[in-house]
Amino acid sequence: MSVMWDLPDFDGHEAVHFFHDHETGLSAIIALHSTHLGPGAGGTRFWHYENRETAVTDALRLSRGMSFKNALAGLPLGGGKAVILADQNRTKTPDMMAAFGRMIDSLAGRYVTAEDVGISTADMVEVAKQTAFVSGLPVSNSGHAGGDPGPFTAKGVYLGVKAAVAHKLGRKDMDGVHVAIQGVGSVGGGLARLLAKDGAKLSIADINKDHAQTLADEIGAEVVGLDDVMRLEADVFSPNALGAILDTVSIAHLNVPIVAGGANNQLATPEDGQRLFDREILFAPDYVINSGGIISVGLEYLGDSDVTEVNSRVDRIPDRLTEIWDQSASLKLPSAVVADKMARSLIGRP
Ligand code: NAD
C-alpha cells in the first residue's frame with residue numbers, strides 16, 4: 001500500500017491535513033510544506049478534480065511551490081496551500097466557506113490563506129468571519145495593498161516578461177514583440193492589458209472564448225485556438241492558466257525563444273526544465289515570476305501593506321530572474337534547478 005510519505009511530490013511536507021464538514025459536504029486538503037521561515041502561506045484553490053489523487057498531488061506541488069516562492073520573495077513566511085474539492089457543478093455557498101474558515105482556524109496559525117483559482121475576495125470575507133489567519137481581504141484605505149492579489153501578480157509577470165525579452169532578445173521595449181498568452185483571467189488578462197499599452201503584438205487563447213474575444217476587441221489582440229497558442233511562432237509563450245503544460249510533447253512543439261508566465265507549476269516533471277534548457281528556451285521559473293500576489297497578501301497579513309512597499313518589492317522580481325538566468329548560464333543548469341537550489345537553501349533544506 002502506498003502511503004502519503006511515499007508519494008513522489010511529498011518532499012518532506014511537515015503536515016498534510018484532510019478535512020470534511022458533514023453539514024455542508026465540504027472536503028478540503030491543507031498541505032504545509034515548510035514553516036521554517038514563518039507560517040505556511042498560500043492561497044486556496046477551488047477546483048473540480050477528476051479524482052482525489054489528483055487533488056492531493058495538486059495540494060502537495062502547490063504547497064512546496066509556495067515554500068520556494070515565499071523564500072525567494074524574501075518574505076518571512078513558509079509554504080502551504082489549500083485545495084477545496086468542488087463537485088461537478090462547482091457548488092460553493094457562504095456556509096461552505098465558513099466551514100473552511102473553521103478548518104483553517106483549527107490549525108492555529110500554522111497556515112494562512114488567500115485567493116487562488118476559483119476563490120474570490122468575497123469568499124475570503126466569509127472565511128475571515130471564522131479565522132484571523134487569512135489575507136487578500138478588501139482594503140478600506142486607498143494607500144494600502146490588499147484584496148485580489150491578481151493585479152500584483154500580473155504586474156510582476158509583465159515585468160518578468162520584459163526582463164526575459166531584454167535578457168534573451170536584447171530588446172529594451174516591447175513594441176511589436178509577439179507574446180502568445182494562454183489563459184486571460186485575472187493574471188493573463190492583466191498581463192495582456194499591460195503589454196498592449198507597450199505596443200506588443202498579442203495572440204490570446206482561453207477556454208472561455210467569449211471572454212477572450214471581448215478582451216481581444218478591447219486591446220487589439222488576436223484570439224487563437226487552444227491548441228495553437230503553444231505552437232505559435234512568437235517571441236514569448238506566456239502560460240497563465242493551469243499547471244503541468246510543459247511536457248515532452250509540448251516542449252518539442254514550442255516555437256518561441258522564451259517561456260514566461262504566471263501559471264503555477266508549469267513544468268510537468270523536473271526533467272522538462274532540462275528539456276527547455278536543451279532547446280535554449282529561456283524559462284522564467286513560475287514561482288519567481290508570479291510572486292507579486294503573495295508579496296501583496298503576505299505584506300497585508302504581516303501588517304505592512306503600504307502599496308509603495310508592495311510595488312517596490314514587486315519591481316525587484318526582474319532582478320531575481322536575471323540572477324537566476326545568469327547562474328543558469330554559468331553553471332549550465334536549467335533555470336528551474338537554479339531557483340530550486342536557491343529556495344531550498346533559504347528554507348534550510350539544501
Ligand atoms: P483565473 O481563473 O482568473 O484565470 C484563469 C484563466 O485561464 C481563465 O480565464 C480560464 O478560462 C482560463 N483557462 C483555463 N484552462 C485553460 C486552458 N486549458 N487553455 C486556455 N485557457 C484556460 O486565474 P488567475 O488568478 O488568473 O490564475 C492563473 C494562473 O496563475 C493559475 O495557475 C494560478 O495558480 C496562477 N497564479 C495566480 C495568482 C493570482 O494572484 N491570481 C498568483 C500566482 C499564481
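A salt bridge, in this text, is a side-chain nitrogen of Lys or Arg within 4 Å of a carboxyl oxygen of Asp or Glu. The structure above is a predicted model, in which local features need pLDDT of at least 70 and side-chain atom pairs count only at pLDDT 80 or more, while totals for chains, interfaces and linings use all residues. Residues are numbered from 1 along each chain as its sequence is written, and side-chain values use heavy atoms, with hydrogens and water left out.

Let us start with those salt bridges. The structure holds 15 of them. One joins the side chains of K81 and D116, at 3.6 Å from N to O. K81 lies in strand β5 (residues 78-85), whereas D116 sits in the loop between β6 (111-112) and α3 (121-128), so this pair ties together parts that are 35 residues apart in sequence. Helices (H or I, at least four residues) and strands (E, at least two) are DSSP runs, numbered from the N terminus. K81 and D116 are both buried; buried means under 20% relative accessible area, exposed over 50%, and partly exposed in between, with a 1.4 Å probe and protein chains only.

K129 pairs with E126 at 3.1 Å, N to O, and K129 counts as exposed because its relative accessible area is 57%. R171 and D173 also meet in a salt bridge, again with 3.1 Å from N to O. Here R171 is partly exposed at a relative accessible area of 30%, and D173 is partly exposed at 41%.

Now step back to the whole chain. The domain assignment gives domain 1 (4-128) and domain 2 (150-290 + 318-346), with bounds that come from an automatic or database domain assignment. The contact between them takes 17 residues from domain 1 and 17 residues from domain 2, where contact means heavy atoms within 4.5 Å. The centres of the two domains, taken over C-alpha atoms, are 25 Å apart.

How much area is buried between domain 1 and domain 2? About 1,400 Å², of which carbon and sulfur atoms give 59%. Buried area here is the accessible area (1.4 Å probe) that two parts lose on being put together, summed over both. On the side of domain 1, R61, F68 and L72 lose the most area to domain 2, together 49% of what that side buries.

What else links the domains? Between domain 1 and domain 2 there is one salt bridge, and there are five residue pairs in polar contact, both residues being at pLDDT 80 or more. A polar contact is a pair of N or O atoms within 3.5 Å; within protein, one must be able to donate a hydrogen and the other to accept it, and residues adjacent in sequence count only if both atoms are side-chain atoms. The elements that give two or more residues to the side of domain 1 touching domain 2 are β4 (44-47) and α1. Of that side, α1 gives the most, with eight residues.

Helix α1 (residues 52-72) is also the place of R64. R64 counts as buried because its relative accessible area is 17%. Leaving aside neighbours within four places in sequence, R64 is in contact with D9, D11, H13, H33 and R344. Some of these names return in a network of salt bridges that links D9, D11, R61, R64 and R344. Within it, D11 forms a salt bridge with R344, the closest N and O atoms being 3.1 Å apart.

Two further helices are worth a visit. In helix α6 (residues 209-219), the buried residues are A212, L215, A216 and I219. They lie on the same side of α6 because they cover an arc of only 105° around the axis, the arc being that of the directions from the helix axis to the C-beta atoms. An α-helix has 3.6 residues a turn, so residues three or four places apart point the same way. The buried residues of α6 pack against α5 (186-197), β8 (201-205) and β9 (222-223), while the face turned away from them carries the exposed residues D210, T214 and D217. After α6 comes G220, with a positive phi near 75°.

Helix α8 (residues 271-278) has D272, G273 and L276 buried. Seen down the axis, its buried residues fall within an arc of 110°, so they line one face of α8. Their cover includes α7 (248-253), β11 (258-259) and β12 (282-283). Just after α8, E280 takes a positive phi of about 60°.
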